[in-house]
Amino acid sequence: MHRRYFLTLVILVWSGAFLRATDLPPGATLLDGEYFCWEKWQEPSIAVSHDGKTIAYVNKGAIWQCQVDGGGSSKLAELKGTIDEFLAKTEFGDARGQEWKVRKQLGNGPFNQSTVDMSKVDGMQWRRSGKAVVYALADHAQSDIHAARYQIMEASRTGEVHAIVTIDRDVGDEPHALTAFHVRADNKYIVSTGPRPLIWDVEANEPVATPYDYLLPSVTSDRYLGIEIDTRQLVLVDEGFKIIKRYNATFEPQRNWDLIWSPDERFAICRTYSNQSLDDSWAGFRIDLETGAKRALEGYKGDRFLFVGHSGAVIRIGMRKIEQLEYGDGRNGSYIALVPEGNDPQRDIFRFDKPRKVSDDWNAVMTYPLICASSDCKLFAMALPRDSGKPGYLYHLIDRSGSKWPFPDDPSLLVAPCRVLAFVDEDQKLVARDDTRLFSIHVAAIKAAAEERK
Amino acid sequence: MTNRSFWRCAQNRKLKKMCLALSMLVITVCLFVSFARSADDLPAEAKVLDPDILFYSDPNPIVAPDGKWIAYISKGFVCVCNIDDPHPRQLVEVPHSRTHLLAQPEYADARDDPRILWQRLGREGMEQFEKSVTQTIVGLQWTREGDAVVFGLNSFDAEKKELICEVKLASLKGKITTLAHIRDGGVYTHLGGMSMLSRDRKFIVLSGYVRPLIWDLTTDKPRATPFMNLTPSTTGDRWLGVEKDTRQLVVTDASFQIIKRFGNLFPPRRTAQELLWSPDERYVIWKYQVGFDYYSNWEGGWIDLQTGEQESMTGSYMAEIVRFTGRGGEFMRIGGEGKQGQMQGLVGTGFQFQFFTSGNAKPEDVWSVHFDPNDRTIKREYPDIRFIYFSSDYKSFVFGLPRPNQPPAGEIFHLMDRAGHLWKLPGKDNGEYFSPYEVVGFADNGKSIIAHDIRRLFAIPISAVMSDANAVKRSDKLE
């Protein structure tokens, strides 16, 4: 007991000193003091290695890596001829890498003209071994606007960069765009995953007939969960892309589906989205792939599911139904819930609803901040509307029982005190960013500071 | 006698009876004369196969592979008739199909002219009538052995909002088998179009909007079909296809396992939209539509699978007919030529009816016309490829030519041989769109033409057509 208080005291003293020096949240370690970042909604801009100790990120026209406990960042790969390099030019310094600001500065036409031949970094991910990152240099403006080229690159920690393969997609090819991809450990195949998948034979540098409408790689093996074309049946696919098991689950013909697969490969969530325009709903089920038992589920686009342990229980991160003229990014109401194993009812862990009448200033928040979960799904970082009713959000740590620990607030910020990107280092730390810096924060420090403020 | 005085006299009871009898006689005579004239319209050599048909649009009558039988839909029945021994047989009754309804006594007045139905029932009545048509017969075809017919019965499951197709096989011996119950949202497949029964009768391949779909008849379920196109061999049990994603031209065995690959022979951005395979399985022709609309030009090629020799092909209209004739790599091309007009689409500049001994051979013109699209004074007389029929040896052809004196608009059917000699089908112009009757194909190894008028299905020996009396002097430059 005394040891715990002592540790907390040490962290508070240490973080307090840090905060004074750098104005970072308590317990924060600066990882990159000049971080230019623009993010997609609900997608972290960093890739965390499988051991959670290292992150890779795109910044100032290069890919960088750094240890989450500090010690400085090092360059993994230059990104010559990319939009990221263009956005990092000193003349756009004020924009700090944000595309919309550079567009505003240049005007849409000149911006498009300047960037028409530039590629974009896509799908950056660590190899399972943690020895390298792979990413795509996606170029959608080859000989004409409909053709696309994807250079699948590998950058090792030792600084070697090489192209694994270059994939050209032409007009009418399906899939035309490789929205997400999976590089096999043996480098034999690249698989464009998700809907309309494509298996690419690296050695022959040509596609392989892909009789699937959906392919989802396992995070622990070289197997895939898929939906077979025409039969629309849920199937298990081996590393040679042969079907090794068929499940008692078929899907509607509209091909508007997705799959979520538990890391132990035993459970899956299958969702079919509505085909009606302006209808974001989906209906689906969780299936035990061993017993075939199903549990019906339904929800809205943007729901995320994270499997917990080996029981099929799943954490659901979602948003409430969007009303007319509301933003569909979760700012109007979000929740974290537990869908237990079996058919027990879903249980809220935490939920907020935006008050009906609020200031327009709320809409100045460009996107509702990402809700992050620890790897064991016992702790979450979630931005909640300020208790004071002032516009903007304050991040909180929330545990499975619904207890919450607010981050220190800065009323001048719409999202305070930073944007959390991921839990790292065995869930002991968070990686977060503000407008200029990338840093990691001790979870314990945030909790301790919150307790102290109480 | 004035009219008035006549009717006064007619008040006489006896005279009244006489008038009635006279009226009946006149009507009977008129009907008899009408029927007799109708019968007289056919050439003396014509053989009536079915004297009482009721057709309605698709599917058209289909001649069996041996040319001895014809299958057709009449009065809501799937019927067959032997051409040598014409005794029509009703194989399968399809209640709630269109012609089944039209054959009911309450619609007898509209049997020959559907417009009467419109006049009698009105808009709401017609809507009710259309709603009562709940089954549609599609894709009528013969088995390769000619021992049975296969067809689909389309209906709509209003509750599930799904099209349902029941595929049936009816043998000449009278046995009816349901091959498949196909339910599909219609994303890839359409159940009314082309479907091909495999030789071993284990699969049906449905043509699709994007890709074909193999339907396994053993399990009555679809099978993953990783092909962009599938064309059956007309002589074996193999299939020619283009594999999905790799775009490789492949040959599969009867169970659709790839047994030979010929590589991706297609230029970038082109693949086979139409894939033709010569009966000896050696030659391939593929077509790909270039533009957006149906009238756009096409690109394609001719491939000798044995030597790898290739020739590129182009055409003005995707609707152009290209067929292998069964004599090695020889093929024919029939269709219009066009050039880009001032507005959207192509404007016609000519017509070609040609044979080619191989992909790089010079064409043998059977019919070739070129004209200035702006010159409206030129008579554009050439075969209408929408209504063209070939004998099985591709030596005789029947097609419509525009009626010389229009209106009424329409086509007069003609017969042509490979040398380009042309004969008008015997019979008087009936003023209908198809005249003197509508042809549906060749039978008996090209020795007969099968045709029908509004009431009768019949066969006419082509020897009866190829007479000097029917010979027509062609207006194009070859004559």
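Where pLDDT is low, the predicted coordinates should not be read in detail. For chain B overall, the mean pLDDT is 85, and 87% of the residues reach 70 or more. The model scores ipTM 0.82 and pTM 0.84.

Chain B has five helices and 34 strands; helices (H or I, at least four residues) and strands (E, at least two) are DSSP runs, numbered from the N terminus. Of its 479 residues, 33% count as buried. A residue is buried if 20 or more other C-beta atoms lie within 10 Å of its own, exposed if 12 or fewer, and partly exposed in between, with C-beta atoms placed from the backbone. B:Ala108 lies in the loop between helix H3 (98–102) and helix H4 (114–132) of chain B. With 11 other C-beta atoms within 10 Å, B:Ala108 is exposed.

Turning to chain A, strand E34 (residues 438–442) is mostly covered, as five of its five residues are buried. In a regular strand the side chains alternate between the two faces of the sheet. In E34(A), A:Leu438, A:Ser440 and A:His442 point one way and A:Phe439 and A:Ile441 the other way. Strand E1 (residues 28–32) of chain A pairs with E34(A) in the antiparallel sense over four bridges; strands pair if DSSP finds at least two bridges between them. A:Thr29 has A:Ser440 as its bridge partner in E34(A). Strand E33 (residues 429–433) of chain A is joined to E34(A) by five bridges, again antiparallel, and A:Lys429 stands opposite A:His442. E33(A) and E34(A) form a hairpin with four residues between them.

Chain A also holds an open sheet of four strands, in the order E10-E11-E13-E14, with antiparallel pairing. Strand E10 (181–183) and strand E14 (206–208) stand at the edges, each with a single partner strand, so one side of each is left without a neighbour in the sheet. Three bridges link E10(A) to strand E11 (residues 189–192) of chain A, and A:Val183 stands opposite A:Ile190 in E11(A).

The largest nonpolar core has 116 residues, and A:Ile55, A:Ala56, A:Ile63 and A:Val133 are those with the most contacts inside it. Such a core is a set of buried Ala, Val, Leu, Ile, Met, Phe, Trp, Tyr and Cys residues joined through C-beta atoms within 7 Å. Strand E7 (residues 132–139) of chain A gives the largest share of this core, seven residues. A second, separate core of 95 residues includes B:Trp69, B:Val369, B:Leu415 and B:Phe458.

Finally, the contact between the chains takes 16 residues from chain B and 18 residues from chain A. Strand E13 (residues 221–223) of chain B gives the most to chain B's side, with three residues.

Conventions
Residues are numbered from 1 along each chain as its sequence is written. Chains are lettered from A and ligands numbered from 1 in the order in which they are written. This is a predicted model: local features need pLDDT of at least 70, side-chain atom pairs count only at pLDDT 80 or more; totals for chains, interfaces and linings use all residues. Two residues are in contact if their C-beta atoms, placed from the backbone, lie within 7 Å. pLDDT is the predictor's confidence in each residue, from 0 to 100.
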